[in-house]
Each structure stands twice: as structure tokens, then as C-alpha cells.
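Dear colleague,

Here is the structure for your files. My notes on it follow below.

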Amino acid sequence: MLDAPLHTEAPTQECVPLAALTATPPERALRPPPGRYLDVCNRLVPLNGSSVRVGRSPAAGVVLDDASVSRRHALIALRDGRSVVLDDRSLNGTWVNGQRVRALALSDGDEVAFGRVRARFVEVGAG
């Protein structure tokens, strides 16, 4: 079940260096293939499969090299055809559009912050 947002201080940092992150800069890809992506510092990171772990650990599907990001920070999973971000008991929280959340369904264009690292959720449909 999805929780209501928790209200605490919002993250402030826009962009941080990324480690072990292979992605396509949006300016090089006129239209990415249909799918789900995180736009992190102007790089589209594909969210392939039914779930993708986000964190500082090298084992994460999306690795964010920032001290404010927990090793196992969050999970982005498909549930009933929707992408849902699930906080994994992270220290600095997972935020969607400035609201701290435990679990929330994402929509195209939502700003998602993992600790101080901000990203944008992008969903590209076929056609």
C-alpha cells in the first residue's frame, strides 16, 4: 500500500558526480526508445526490468556516488503497470516533488531525490 508523503526538510543539492553510471546524455538522443528512465545530471539512465535498486553500493542498478545516498537507498519497481519508488530505510530519505515518501507511484516528470541527489523520472511511451 502506498503511504502518504512525510513532511520534513527537502534536499538542496541539484547534481553530484556519478560513479559506475553508463547513460546517454539527453541532448544526444532526440527520442529515447520507449521505457522508463531516471534523468540524473542530464543523463538518461534506463530502468530495465521489474525492479531497479538505487544506492551508493556498486551492486545497485543505479549507482549514485554521494555521501547522502545510502548503500541500499531505494527501489523503483513496477506494480500494477505503474512505476513505484520505495524507500529502503535510507538515512536521508527519498523525496518526490519535495515531499519525503516511503512509497509512491511515479508519473512522467516527477522530481525524485535520493538524499541530496536529484533526478527526474521519465516515461517514454511507444509512438
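Asn42 sits in the loop between β1 and β2. In this predicted model, Asn42 has a phi near 65°, a positive value in a residue other than glycine. Asn42 counts as exposed because its relative accessibility is 52%, and the cut-off for exposed is over 50%.

Arg89 belongs to the loop between β6 (82-87) and β7 (94-96). The phi of Arg89 is near 55°, again positive in a residue that is not glycine. With a relative accessibility of 75%, Arg89 is exposed.

Now the strands. Six of them form an open sheet in the order β2-β1-β11-β10-β7-β8, and the pairing is antiparallel. At the edges are β2 (43-46) and β8 (99-101), each of which pairs on one side only. On average, neighbouring strands of this sheet are turned by 35° against each other, direction ignored. Within the sheet, six bridges hold the antiparallel pair β1 and β11. Asp39 stands opposite Arg120 of β11.

β3 has two pairings to note. Four bridges connect β3 with β5, and these two strands run antiparallel. Ser51 has Ala77 in β5 as its bridge partner. β3 also pairs with β4 (residues 62-63), this time in the parallel sense and over two bridges. There, Val54 has Val62 in β4 as its bridge partner.

The largest nonpolar core contains 20 residues, and Leu38, Leu64, Ile76, Val85 and Phe114 have the most contacts inside it. At least two residues of this core come from each of β1 (35-40), β3 (51-55), β5 (74-79), β10 (111-114) and β11 (117-124). β11 provides the largest share of the core, with three residues.

What does Ile76 touch, leaving out residues up to four places away in sequence? Its contacts are Arg36, Leu38, Leu47, Ser50, Ser51, Val52, Val54, Ser83, Val84, Val85, Leu106 and Phe114. There is also a second, separate core of five residues, and among them are Ala77, Val84, Ala103 and Ala105.

Gly55 is located in strand β3. Not counting residues up to four places away in sequence, Gly55 touches Ala60, Val62, Val63, Leu64, Val69, Ser70, Arg71 and His73. Gly55 and Phe114 are 59 residues apart along the chain, and their C-alpha atoms are separated by 8.1 Å.

Arg118 lies in β11. The Arg118 side chain makes a polar contact with the side chain of Glu111, at 3.2 Å.

Regards

How values were computed. Residues numbered from 1 in each chain as written. Predicted model: local features only at pLDDT ≥ 70, side-chain atom pairs only at ≥ 80, totals over all residues. Heavy atoms only, no water. Core = buried A, V, L, I, M, F, W, Y, C linked by side-chain atoms within 4.5 Å. Buried < 20%, exposed > 50% of the residue type's maximum accessible area, 1.4 Å probe, protein only. Contact = heavy atoms within 4.5 Å. Pairing = 2+ DSSP bridges. Axes fitted to C-alpha atoms, helices over the stretch in contact; angles between N-to-C directions. Polar contact = N/O pair within 3.5 Å; in protein donor to acceptor, adjacent residues only side chain to side chain.
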